[in-house]
Amino acid sequence: MDFFYYEDCEYSQIVLNTIANLGIKDKFIYKDIRENKKFAKELINITGNETVPCLVTNTGPMKEAINIRKYLVSKFSWVYFKSFRRAFFWSGESVVSALKK
């Protein structure tokens, strides 16, 4: 998936933080439209404008940080939970008891 953003955009940061928190950084091609003008032109060709953040999936472009965040959580939260569960398995503590704390 391609993620169009720029570093100073607070809405892009919401999505970047979600990606980091879910531990899925390797799932994306990051395209900073201010660092590389080719990325800005590519985004215009896809969406008709330079509005970021924009996530391009196999079903097309997705805009609005909240919509992208919801999509990522619904698609990838199992990856986060799986690693969370594995961490507690190795510590000898059950996930259920850890979540009750």
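Of the 101 residues in the chain, 35% are buried, where buried means under 20% relative accessible area, exposed over 50% and partly exposed in between, with a 1.4 Å probe and protein chains only. The model is a predicted one, in which local features need pLDDT of at least 70 and side-chain atom pairs count only at pLDDT 80 or more, while totals for chains, interfaces and linings use all residues. Residues are numbered from 1 along each chain as its sequence is written, and side-chain values use heavy atoms, leaving out hydrogens and water.

As for overall make-up, the chain holds 4 helices and 4 strands, these being DSSP runs numbered from the N terminus (H or I, at least four residues, for helices; E, at least two, for strands). Read from the N terminus, the order is β-α-β-α-β-β-α-α. If contacts (heavy atoms within 4.5 Å) are taken between residues at least 6 apart in sequence, 55% of them join residues at least 24 apart.

Now to the sheet. It is open, with 4 strands in the order E2-E1-E3-E4 and mixed pairing; two strands pair if DSSP finds at least two bridges between them. Strands E2 (29-32) and E4 (60-63) are the edge strands, each with a single partner, so one side of each has no neighbour in the sheet. From one strand to the next, the twist averages 20 degrees. E1 (residues 2-5) pairs with E3 (residues 54-57) in the antiparallel sense over 3 bridges, and Asp2 sits opposite Val56 in E3.

Helix H1 packs on this sheet, touching E1 and E2, and its direction makes about 140 degrees with that of E1. Helix H2 (residues 37-47) lies across E1, E2, E3 and E4 and runs at about 110 degrees to E1. Both angles follow one convention: axes are lines fitted to C-alpha atoms, for helices over the stretch in contact, and angles run from 0 to 180 degrees between N-to-C directions.

Leaving aside residues up to four places away in sequence, Thr18 touches Arg69, Leu72 and Val73.
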